[in-house]
Amino acid sequence: MSTINVKIAAIKQVTPLIKHFTFVKEDGSEFPAFSGGSHVVVSLNIGGRVHRNPYSLMGSPTDTSAYHISVRKQEQSRGGSVFMHDYVAVGMSFKITYPVNLFSLAKKGHKHILIAGGIGITPFMSQIADLKRTGADFELHYAFRSPEHGAFAAQLAKVCGDKFHCYIDSEGDRLDLQALLGNQPLGTHMYVCGPGSMVVAVLETARNLGWPESHIHSEQFLAPPIGEPFKIQLEKSKIEIQVPAEMSMLEAIEAAGVGSRFSMSRRCMWAL
Amino acid sequence: MERGYWIRSKPVYTSLVWHEKATSHLVVAQGEGGMAVLKIFQQMHPKQPITVLYAHASASDVDYANTLKKVVPEGLQILASEQEVLDELKTILPTMRMGLRVYVAGSEGFIWAVSEAVKVFGVEDADMMKELTGTLARSIYCVHCKAITHNITTNIAKCAGCERMLFVRDHFSRRLGAYMGLMVDAESPGELPEIEEIYP
């Protein structure tokens, strides 16, 4: 997979748990343009083990001078977010993938309802830039735990004006999904990104209100929870591998050195 | 047609079935499509609000208007023509909300005319349930002169625009509601394969 060499140009603590990172290209050239909702996969070498973490690009898609990501420090981290928060410093170099969009806006939509929970706001930052540029009809509904966790709330309020609605849990604000999704004009598309329980609640509400699947969009890129350790045996090579709780099976196979014999493609390894 | 092979642009039609979770229903039918409406009301009378638009069939077609009046519990409008149905859609759709489900039944030309009309209001083809009734007759778009010829029932037909003899393909344009037709005897003028009725 082709990658882009980048270095950290700036780091900003946005909330007690969220840090914002600005990447520039190592050779000083422009980044490729991207579309709202795109993410990049950042390779992090943590103690010799490569983590590949996806992060939404938060800047305006028209700004190709820098890429912006925000990272929330996860309590149950596999290591990536803690590394980003505690060890990454300005000037450090990384490899990132080209932007990929698995959460794009429906271009035929007449109206767009964006629902964000906590750090789930990140993919919407670039989508909002796109929606503003095309003059599309949209609403942003942003729910978070308490005032200090409302990363970007002030900035969004300014950018979105009366299209911005925020719900602060600690102040007893609740987003009434039934009321919101129960009264939208035909041709509305809905997008949700946030913690799993919130995404599930939103999807269920939309489906129960008869929304067609093609109008419902969701993204949930929180790292999978840490599992139970287990053991696998590779059929052909008869190698037995212990898969630790915080590793994927593939990572464990790679760590055992099997992957190096088949380094051409990650997919090939399954043929072992 | 080679077995096991199909053209992806060719629409797949099903029988109409109520969407259980809909918050309102809009059923649009014409002529023979009236039977599909009677069939869907055989399944149940949904508790959500219902609108049914029915266009009288052309002279040769079966007309279900009288039966529909007896069966449809509310929201039935009998209209004189396909055009009146399309005009009525423009009137009622702006007030409709998400959760509305659209069902359409009739000839292929009617189905895609309705699809174009509702698309303007953000209802996409994939969101709509479609039942083809009455006839398999196709509209053919001539790739040479761009004219559309309607009600073709044969594998090869004469273009109404340029009079070329066109081979009727399965490639379908949802926007035009028509299949692709291309000159069948371009390489050997006048030599035509046998013309057979395969879309009765």
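**Entry 1: where the chains meet**

I began with the contact between the two chains, which takes 17 residues from chain B and 16 residues from chain A. I then sorted the chain B side by class: eight residues are nonpolar, four are polar and five are charged. I note here that this is a predicted model.

**Entry 2: chain A as a whole**

I looked up the elements of chain A and found six helices and 13 strands. Its radius of gyration is 20 Å, close to the 19 Å that the globule rule gives for 272 residues, so chain A is as compact as a globular protein of that length. I also took the extent of its C-alpha trace along the principal axes, about 60 × 45 × 35 Å.

How much of chain A counts as buried? I got 32% of the 272 residues. Next I turned to contacts in chain A with a separation of 6 or more. Of these, 64% join residues 24 or more positions apart.

**Entry 3: Gly196(A)**

I picked Gly196(A), which is found in helix H5 (residues 196–208) of chain A. Is Gly196(A) buried or exposed? It counts as exposed because it has 11 C-beta neighbours inside 10 Å, and the cut-off for exposed is 12 or fewer. I also checked Gly196(A) against Lys111(A): they are 85 residues apart along the chain, and their C-alpha atoms are separated by 24 Å.

**Entry 4: helix H4 of chain B**

I tested the length of helix H4 (residues 108–119) of chain B. At 1.5 Å a residue, its 12 residues should span 16 Å. Its end C-alpha atoms are 16 Å apart, which agrees.

Then I looked for buried residues in H4(B), and found among them Phe110(B), Ile111(B), Trp112(B) and Val118(B). Glu108(B) and Ser115(B) are also buried. What do the buried residues of H4(B) pack against? I listed strand S1 (24–30), helix H3 (82–92), strand S4 (100–106), strand S5 (129–132) and strand S6 (138–142) of chain B.

I kept a reminder: most residues other than glycine have a negative phi.

Lys238(A) has a positive phi, near 60 degrees. I placed Lys238(A) in the loop between strand S12 (230–233) and strand S13 (240–243) of chain A. Lys238(A) is exposed, as 7 other C-beta atoms lie within 10 Å.

Lys146(B) has a positive phi of about 70 degrees and is not a glycine. I found Lys146(B) in the loop between S6 and strand S7 (148–152) of chain B. Lys146(B) is exposed, with 11 other C-beta atoms within 10 Å.

Note on methods:
Residues numbered from 1 in each chain as written. Chains lettered and ligands numbered in written order. Predicted model: local features only at pLDDT ≥ 70, side-chain atom pairs only at ≥ 80, totals over all residues. Helix = DSSP H or I, 4+ residues; strand = E, 2+ residues; numbered from the N terminus. Expected span 1.5 Å × (residues − 1). Buried ≥ 20, exposed ≤ 12 C-beta atoms within 10 Å, placed from the backbone. Contact = placed C-beta atoms within 7 Å. Nonpolar A, V, L, I, M, F, W, Y, C, P; charged D, E, K, R; others polar. Rg over C-alpha atoms; globule rule 2.2 N^0.38 Å.
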